Amino acid sequence: MSVVTQADQAASGSAPGGLAAHRGLGDRSFQWLALGCGLLVLVILVLIAVTTTQQASSWFSSQGLKIFSTTWNPTVGKFGATPFIYGTAITGVIALVMAVPVSIGIALLLTEVVPYRLARPIVYVVDLLAVVPSVVWGLWGILVFAPWIQHIYASIGSGVKGVPVLGSLFGPPTSGAAFFTAGIILAFMITPIVTSLSREVIATVPTIDREGAYALGATRWEMIRGVVWPHSQGGIVGAVLLGLGRAIGETIAAALVIGASPTITSHLFAPGYSMPSVIANQFGEATGVFRAGLMGLGVLLFVFTIIINIIARVIVERSARRKRGA
């Protein structure tokens, strides 16, 4: 009868062909595979940025700082991008103002109020809304929603006529296709995304923290305000910014319901244009500098989307460090 000592076990484990050797090879293989996949994503992003910038080089070189002018008229060779940047920003802000309160409210409802067995069907419905194709939203918006809401626009416009601030924002509309309509459709589209991400973040709040707040006599609202929100604030902000990135990059739905007017106006019920929609509508007939200008709009949109995602990532990481006490 032999006794196997710890030294013998260590020696056998470290021997060539032992378990440790095979495990080390597998770990290294997985490490290199994961590193290669991550680098592949970065390479693809860099190639997209480089190729699109090359395609848009004639627009940048011929227009210079005029790319930020307010005139877009291909027939006379003027390709100012400011109206499209303005339209993208306005529709994105409208979508956030409408979607964020609803999304956070639904997320809190599903995690803090409704029992799990009743919350599951609502979660399924929200997840199904997130996978509805954008073209379906756009067709529904231009064929059903825009004609219906045009009458509401007319009533609001006549009601605020002559009011200093409201009159300039909600003036008489020309059609149901407008900045505000596009913002509403985008709000419908990003609400499931923000809701799902916010719900996952709120669900990570430790149960002991909730129970501790209740033990101290806090009401449900006080528990949410004092425990859930501080713990989830960074993640929810990141979810909102990711939803904003989806909103400003939406193409088909925005192209169908925003109208086709490259102008800068304070009237939210007026038709406009966004960067993705003008690319979708005019790229097929574009040549030369015109085509380069549309590619340049794609480059600007790509840069704006990357910046928004970086900001979201920084906010989430800062919140995580704050939780760890770093």
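How many cavities of 30 Å³ or more does the count come to by this rule? Hi everyone, let's find out together. The model is predicted, so to speak of local features we need pLDDT of at least 70, with side-chain atom pairs counted only at 80 or more, while totals for chains, interfaces and linings use all residues. Residues are numbered from 1 along each chain as written, and side-chain values use heavy atoms, without hydrogens or water.

The count comes to one cavity. On a 1 Å grid over the protein atoms alone, a cavity is a set of points where a 1.4 Å probe fits but cannot get out; a pocket is an open set with protein on both sides within 12 Å along at least five of seven lines, and lining residues have an atom within 4 Å of a point. Volume is the space filled by probe spheres set on the points, which are joined across faces, edges and corners.

The largest cavity holds about 30 Å³. Its lining includes T88, L186 and E250, and at least two lining residues come from each of α4 (82–113) and α10 (220–249). Helices here are DSSP runs (H or I, at least four residues), numbered from the N terminus.

Now to the largest pocket, with about 230 Å³ of space. Among the residues lining this pocket are L110, Y116, R120 and E200. Two or more come from each of α4, α5 (116–130) and α8 (179–202), and α5 gives the most, with five.

Finally, look at L45 in helix α2 (residues 19–55). L45 has a relative accessible area of 33%, so we call it partly exposed (between buried, under 20%, and exposed, over 50%, with a 1.4 Å probe and protein chains only).
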